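Hi,

Here is the structure I promised to pass on. Have a look at it first, and my notes follow below.

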Amino acid sequence: MRWQVHSEEPLYTDPWLDIRVADVELPDGRHLDHRLIRTAPGAGAVVTDEQNRVLLIWRHRFITDTWAWEIPIGKIDEGEKPIAAAAREVEEETGWRPGPLRPLLYTQPTNGISDSEHHIFRADSAQYIGPPTEPWEAERVEWVPLTDIRRLIDRRDIVSGTSMNALLYALTEV
């Protein structure tokens, strides 16, 4: 059932996004043009505290015109290690410096259309260092009880696939 890729051609490329068309051969011999998106990998973190709360950002996503809670996550810069990117993203987006990070999960959130990959880490503490350096990322930064995560998902207050995966996975560690 493996699909064979015969060629891949760029349709649009910029520093953030590489949209391509691939000539793909299906197992039955048929060919199709399949669109795909290549992106830089991302890293983020689930940061909890001693009160069993998780650090989340409340943000608007203009593409879907929705507001929801998310974990801090962003692009891994060239030459940057995923764990360093995760720590940087938490600081930039929340103003909190995470304690020691450890791997939590790896996910490919849209593998039917994109090669996007997210490296998610976990920290059990954080230190407040000041306001976020990227205040446009979130309207609010809050510590939310982990026990509220399921209810927030049910209410569609958490809809990001990566955030949902990471938070539900973190709940299995509690």
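A word on terms before the details: contact, or touching, means heavy atoms within 4.5 Å. This is a predicted model, where local features need pLDDT of at least 70 and side-chain atom pairs count only at pLDDT 80 or more, while totals for chains, interfaces and linings use all residues. Residues are numbered from 1 along each chain as its sequence is written, and side-chain values use heavy atoms, with hydrogens and water left out.

Let me start with Leu 32, which sits in strand β3 (residues 31-38). Helices (H or I, at least four residues) and strands (E, at least two) are DSSP runs, numbered from the N terminus. Leaving aside neighbours within four places in sequence, Leu 32 is in contact with Ala 22, Asp 23, Val 24 and Leu 26. Leu 32 counts as partly exposed because its relative accessibility is 29%; buried is under 20% relative accessible area, exposed over 50%, and partly exposed in between (1.4 Å probe, protein chains only).

Now the sheet. Four strands make an open, mixed sheet in the order β7-β4-β10-β9, where two strands pair if DSSP finds at least two bridges between them. β7 (73-75) and β9 are the edge strands, each pairing on one side only. Within the sheet, β4 (residues 42-47) and β10 (residues 118-123) pair in the parallel sense over six bridges, and Val 46 stands opposite Arg 122 in β10.

α3 lies across β4, β7, β9 and β10, at about 135 degrees to β9. Axes here are lines fitted to C-alpha atoms, for helices over the stretch in contact, and angles run from 0 to 180 degrees between N-to-C directions. The buried residues of α3 are Thr 162, Ser 163, Ala 166, Leu 167 and Ala 170. They cover an arc of only 120 degrees around the axis, so they are on the same side of α3; the arc is that of the directions from the helix axis to the C-beta atoms.

Finally, the largest nonpolar core has 19 residues, and Leu 167 is one of those touching the most other members, as is Ile 149. Such a core is a set of buried Ala, Val, Leu, Ile, Met, Phe, Trp, Tyr and Cys residues joined through side-chain atoms within 4.5 Å.

Cheers
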